[in-house]
Amino acid sequence: MSTVLLVEDDRDLLFLYRVTLNKYGHTIKEASDARIALDLLDDPHYLPDIIFLDINMAVGLSGYGLIEEIRKRPRLNKVEIVVVTANDQYRTQVMEKGVRHFLVKPINILEMVALADRRA
């Protein structure tokens, strides 16, 4: 199965995503903000297949800023990023950064599972 990085500052959603994706056999790492995610992604021994990323995070770097940081790192060029946000207004902006999948909250959790399954 795929290796997934979940970047979400809502603890309840992070729990839901983790439990569901674990149930379907995916290996999960999680970050409650973009800086924690960058620390994980800068570890040369860690390379996720897919990142599910919230755009509006309460602390520090936004999800959009994280996308820009990921795109600066050649090692991460093939990692798929899926934006999961409550606000559809970011769709065009993130698509211009190479994000192909955009899920609007509340999401269908099985849609998330299907995207992770495709990267396995």
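Student: Is H26 buried or exposed?
Tutor: H26 is buried, at 3% relative accessibility; buried means under 20% relative accessible area, exposed over 50%, and partly exposed in between, with a 1.4 Å probe and protein chains only. This is a predicted model, where local features need pLDDT of at least 70, side-chain atom pairs count only at pLDDT 80 or more, and totals for chains, interfaces and linings use all residues. Residues are numbered from 1 along each chain as its sequence is written, and side-chain values use heavy atoms, with hydrogens and water left out.

Student: Where does H26 sit?
Tutor: In the loop between α1 (11–23) and β2 (27–31). Helices (H or I, at least four residues) and strands (E, at least two) are DSSP runs, numbered from the N terminus.

Student: And what does H26 touch?
Tutor: Leaving out residues up to four places away in sequence, H26 touches M1, S2, V4, L21, V113, A116 and D117. Contact here is heavy atoms within 4.5 Å.

Student: Which side chain makes a polar contact with the H26 side chain?
Tutor: That of S2, at 2.8 Å. A polar contact is a pair of N or O atoms within 3.5 Å; within protein, one must be able to donate a hydrogen and the other to accept it, and residues adjacent in sequence count only if both atoms are side-chain atoms.

Student: Switching to charges: how many salt bridges are there in the whole structure?
Tutor: The search finds 10, counting a side-chain nitrogen of Lys or Arg within 4 Å of a carboxyl oxygen of Asp or Glu. One of them joins D42 and R73, with the closest N and O atoms 2.7 Å apart.

Student: What does the D42 and R73 pair tie together?
Tutor: D42 is in the loop between α2 and β3 and R73 in the loop between α3 and β4, so the pair ties together parts 31 residues apart in sequence. D42 is partly exposed at 42%, and R73 is partly exposed at 21%.

Student: Which residues are linked in that network of salt bridges?
Tutor: D42, E69, K72 and R73. E69 bridges to K72 at 3.1 Å, and R73 to E69 at 3.1 Å.

Student: OK, the largest nonpolar core. Which members touch the most others?
Tutor: V7, I51, L53, L66, I67 and V94, out of 24 residues. Such a core is a set of buried Ala, Val, Leu, Ile, Met, Phe, Trp, Tyr and Cys residues joined through side-chain atoms within 4.5 Å.

Student: Which residues does the second core include?
Tutor: That separate core has 17 residues, among them V4, Y17, V84 and I109.
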